[in-house]
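Please keep the sequence and the model in view while reading.

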Amino acid sequence: MADMTPAPEFTGLGPLGQIAVTVNDMARAVAFYRDVLGLPFLFEVPGMAFFNAGGVRLLVGLPQGAPPPPNNSVLYFRVADIASAHAALAARGVKFRNAPALVARMPDHELWMAAFDDPDGNVLQIMSEVR
């Protein structure tokens, strides 16, 4: 006999609440995300540290169990002025893969990006929508 229980109503997914990045050295990662990138530090538990990335919680943590997956996700951080953000982060020791570059021209703005790595090789980018 088929289950006649009605399916619960699904109203769709909400905004991202948390993103996780795997790292190999917690102290080095905390220093980079807090002190170099300037993300507000929220709290730490064994093997994990949490930051506020513009209202989305960023979990930076050690591998849990199985070998960590390859670094295949990219975090994009919005900045108001990409040139000044690039200069400020470079002055803090961030080594960029590229200078800020125009990625796309939209009808009402241009999208600019610049990529860099965290100490564990995770790719990060700053992005700015220039009107």
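In the hairpin of E7 and E8, five residues lie between the strands, and Gly121 among the hairpin's residues adopts a positive phi near 85°. Strands here are DSSP runs of type E with at least two residues, helices are runs of H or I with at least four, and both are numbered from the N terminus; two strands count as paired if DSSP finds at least two bridges between them. This is a predicted model, in which local features need pLDDT of at least 70, side-chain atom pairs count only at pLDDT 80 or more, and totals for chains, interfaces and linings use all residues. Residues are numbered from 1 along each chain as its sequence is written, and side-chain values use heavy atoms, with hydrogens and water left out.

The bridged pairs can be set out as follows.

| Pair | Bridges | Direction | Source |
|---|---|---|---|
| E7 and E8 (residues 123-130) | Eight bridges | antiparallel | |
| E6 (residues 101-105) and E7 (residues 110-117) | Four bridges | antiparallel | |
| E1 and E4 (residues 56-61) | Five bridges | parallel | |

Asp117 has Val123 of E8 as its bridge partner, while Arg105 stands opposite Glu110 in E7, and a hairpin of four residues links E6 to E7.

An open sheet of four strands has the order E1-E4-E3-E2 with mixed pairing; its edge strands, E1 (18-22) and E2 (41-45), each pair on one side only. Within this sheet, Ile19 is bridged to Leu58 in E4. Helix H1 (residues 26-36) lies across E1, E2, E3 (48-53) and E4, and runs at about 10° to E3, where axes are lines fitted to C-alpha atoms, for helices over the stretch in contact, and angles run from 0 to 180 degrees between N-to-C directions, contact meaning heavy atoms within 4.5 Å.
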